[in-house]
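Here is a short tour of some helices, strands, charged pairs and a pocket. Have the model open beside you as you read.

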Amino acid sequence: MTCLHCGEKTAPGQDFCCPGCEAAHAAAASVTKGSGFSRLANEMDEGGFNLTLGVEGIHCAACIRLIENALGSEDGVTHARVNMSTNRVNMSWTGAREYGDHLATVVSNLGYRLHPLDKAADAVDEETRSLLRAIAVAGFAAGNMMLISVGLWSTDSETMGMATRDLFHWLSALIALPTVLYAGQPFFRSAIAVLRQGHTNMDVPISIAVTLACAMSLFEAFRHGEHVYFDSAVMLLFFLLIGRYLDARAKGKARETATDLLSRLSGMATVFEDGQAQQVPIKELKAGMLVLVAAGENIPADGTVEKGRSEVDRSLITGETLPEKLEAGQEVFAGTLNLSAPIQVRVSKATEKSLLSEIVRLMEVSEQANARYVRLADKAASLYTPVVHAMGALTFIGWWLFMQAPCRCRSCTL
């Protein structure tokens, strides 16, 4: 017998070598997928907590609806929103801070991986690189298989000979099957994750189509059949992966834009308090604070110039690249750039209520707002997989049993 925790030898009938290993194993087993995320939650002014996390594995509107419905059905949840462009999930709840761990576990159990925001970008970049590798593999395999398919589809078995045709079929299988197993992973993982939860998405029919095409082609190769479709399965994966990669790049650009805007609200600001200057995190700035903004620094919060003259670059807000003069009494906005001289700004709004924060929120709302035809498409997508495959199965049964279609098996005479 060996210890279940450290692998050392144990006494007969014992699962652990010592009480320390037993306690450590019990502690590790008690850790849930969402543990620790609640410490990142922010307490809201009206009570309750808010938590924003990066989420990996979102591919379509069905994924968004699945996560939001799962979170919305939990007790105490007041808000649940998934942003597909920035790969973020935002949730608010009432009650204890630790309840956020439970909500994170709900999302993880659906098959999606969660990350703190500082790790979310790395996860998205790794997903993009893996898609690019899958495209390279599928494209290389498809190009080589097309060379074989030209010979198969440009002549018949009598001219080519059955032995040569079978050789080409098995060469195609040798290239296609490892390619499908590797390049199809993004679709297979997504399909398995949602099927485990009793749902479907567009990756389910893709996975079924590719798998059945390879299975039928392998069956035809074994029975010396005339037609195989290994090349079609690999080419389908190649084009679908290109679409998935372009979608990931587009989302990455949107995420980078939002991240660049939010980065202007991070860092430290110099605040005058009781005649002393001290460094305060920008996110903790409140209305009424007096902030010193040096030349070349971004203004950290919305407010009014109390002292000093300078020039400001407001291109982030207005799009105008020419500097504008600043004097005492003029209004300034978070994220704009102080150009020429130090100024003192009296904060009028907390950082999370600034104009820049509102712009970021409006960007997210505009990305999530679905037009009427998009909502109809989402509703149709939820029915597509079960309806289409049920109709296909009924068509096959009717064609085979009731229409007395001939069987192509050589072992029977139907």
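A residue is called buried when its relative accessible area is under 20%, exposed when that area is over 50%, and partly exposed in between, with a 1.4 Å probe and protein chains only. With that cut-off, Glu-220 is buried, at a relative accessible area of 9%.

The model is predicted: local features need pLDDT of at least 70, side-chain atom pairs count only at pLDDT 80 or more, and totals for chains, interfaces and linings use all residues. Residues are numbered from 1 along each chain as its sequence is written, and side-chain values use heavy atoms, with hydrogens and water left out.

**Helix H8 and what follows**

Helices (H or I, at least four residues) and strands (E, at least two) are DSSP runs, numbered from the N terminus. Glu-220 is one of the buried residues of H8, a list that also includes Val-210, Ala-213, Cys-214 and Ser-217. Just after H8, His-224 has a positive phi of about 60 degrees.

**Salt bridges**

Side chains of opposite charge can pair when their charged atoms come close. A salt bridge here is a side-chain nitrogen of Lys or Arg within 4 Å of a carboxyl oxygen of Asp or Glu. The count by this rule is 4, and the table shows some of them.

| Pair | N to O distance |
|---|---|
| Glu-68 and Arg-81 | 3.8 Å |
| Arg-223 and Glu-220 | 2.9 Å |
| Glu-306 and Arg-346 | 3.0 Å |

What does the Glu-306 and Arg-346 pair link? This salt bridge links distant parts of the chain, with Glu-306 in strand E9 and Arg-346 in strand E14, 40 residues apart. Glu-306 is partly exposed at 41% relative accessible area, and Arg-346 is also partly exposed, at 30%.

The salt bridge of Glu-68 with Arg-81 ties together parts 13 residues apart in sequence, because Glu-68 lies in helix H2 (residues 61-72) and Arg-81 in strand E3 (residues 77-83). Glu-68 counts as buried at 18% relative accessibility, whereas Arg-81 is partly exposed at 35%.

**Strand E9 and its partners**

Two strands pair if DSSP finds at least two bridges between them. Strand E9 (residues 303-307) runs antiparallel to strand E12 (residues 331-332), joined by 2 bridges. E9 also pairs with strand E14 (residues 343-347) in the antiparallel sense, over 4 bridges. Gly-303 stands opposite Val-332 in E12 and opposite Val-347 in E14.

**Ser-172 in helix H6**

Is Ser-172 buried or exposed? Ser-172, in helix H6 (residues 162-183), counts as buried at 3% relative accessibility. Contact means heavy atoms within 4.5 Å. Neighbours within four places in sequence aside, Ser-172 is in contact with Met-145, Ile-148, Leu-152 and Phe-230.

**The second largest pocket**

On a 1 Å grid over the protein atoms alone, a pocket is an open set of points where a 1.4 Å probe fits, with protein on both sides within 12 Å along at least five of seven lines; lining residues have an atom within 4 Å of a point. Grid points are joined across faces, edges and corners, and the volume is the space filled by probe spheres set on the points. The second largest pocket holds about 580 Å³. It has 26 lining residues, and the closest to its centre are Glu-56, His-59, Gln-185, Pro-186 and Arg-189. Helix H4 (117-153) and helix H7 (185-196) each supply at least two lining residues, and H7 gives the largest share, 8 residues.
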